[in-house]
Amino acid sequence: MKQLINILTGSLFLFGMSSCEKDLPVYETPDCWLNFVYYSSFDGSVLGTEEVTDEMRYASYSFVYVGEEVEVDTVWFEISTMGFVSDEDRPLELEQIQTGGNDAKADVHYVAFTNEELKAKYMIPARKTGTKIPVVVKRDPSLSNGDVTLQFTFKDNGYFKPGYDGLTTRTLSISSKLTKPSVWEESYCDYVFGLYGSEKHRLMIEWSGEKWDDAYIKELMDGDNAYVNYLAGWFARKLEEENAKREEAGEEPYKEEDGTPVSFEPKSWS
């Protein structure tokens, strides 16, 4: 019985063929591709192109979580390869996409992708089909004027080409203020804690003593549902109590920047 070797995403799959079937050509293309990796918030499975949403492609980083003394930090992104594996390390390259908005500036808001020390980190290790790559962000004084956006993709460098449409571009918001966590919507926080607001976000951090960043939210929402529901109810009661105190002191209830009252009313599923 003949064996067909089909090489995809760096793995070997063997399929039996009967003697009466026509031989298929051996997979010989030298091309290799790169994709960003996304996981399902339900079962942790890897998502395909059609399952990844624009919200998932968006990530956020805020220096507010790490303290005033931190001037440089790192955000990691998981990637995977398609094509043959190699017995040698293979370099990859990233390039910024200009959006025409408040775009981040290389070596001002982030360390340029061409930085020699950083380029050493942009590598697919030998005999591996994936890795995590760093984006090094910088706390520039200009961030006090508002967030900046770093959109980036893979660059064809002779070793790798961009992979599937929808899996080759990421957008990172860099801020020195509170920003909407990138996992807020994909973790369905709207349906538990209500629609996002920066003032509500600040109160959640202050009242709970937790960061309420991507890592904390993902761990929380993947955990005990009973505790999540308890926490949502606790926040609602806490807000009511604190607003009552503010009213007694002649102050207005907590509001967002646009004047909308802070609320923990969950979004309806209908």
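Q: What do the numbering and the confidence limits rest on?
A: Residues are numbered from 1 along each chain as its sequence is written, and side-chain values use heavy atoms, with hydrogens and water left out. In this predicted model local features need pLDDT of at least 70 and side-chain atom pairs count only at pLDDT 80 or more, while totals for chains, interfaces and linings use all residues.

Q: What volume has the largest pocket, and which residues lie nearest its centre?
A: A pocket is an open set of points on a 1 Å grid over the protein atoms alone, where a 1.4 Å probe fits, with protein on both sides within 12 Å along at least five of seven lines; lining residues have an atom within 4 Å of a point. Points are joined across faces, edges and corners, and the volume is the space filled by probe spheres set on them. Here the volume is about 850 Å³. The lining has 29 residues, with A59, W76, S182, V183 and D214 nearest the centre.

Q: Which element gives the most to this lining of the largest pocket?
A: Strands (E, at least two residues) and helices (H or I, at least four) are DSSP runs numbered from the N terminus. β5 gives the most, six residues.

Q: In which order do the four strands form the open sheet?
A: Two strands pair if DSSP finds at least two bridges between them. The order is β9-β5-β3-β11, with mixed pairing. β9 (130–138) and β11 (161–162) are at the edges with a single partner strand each, so one side of each has no neighbour in the sheet. β3 (residues 33–36) and β11 run parallel, joined by two bridges, and W33 stands opposite K161 in β11.
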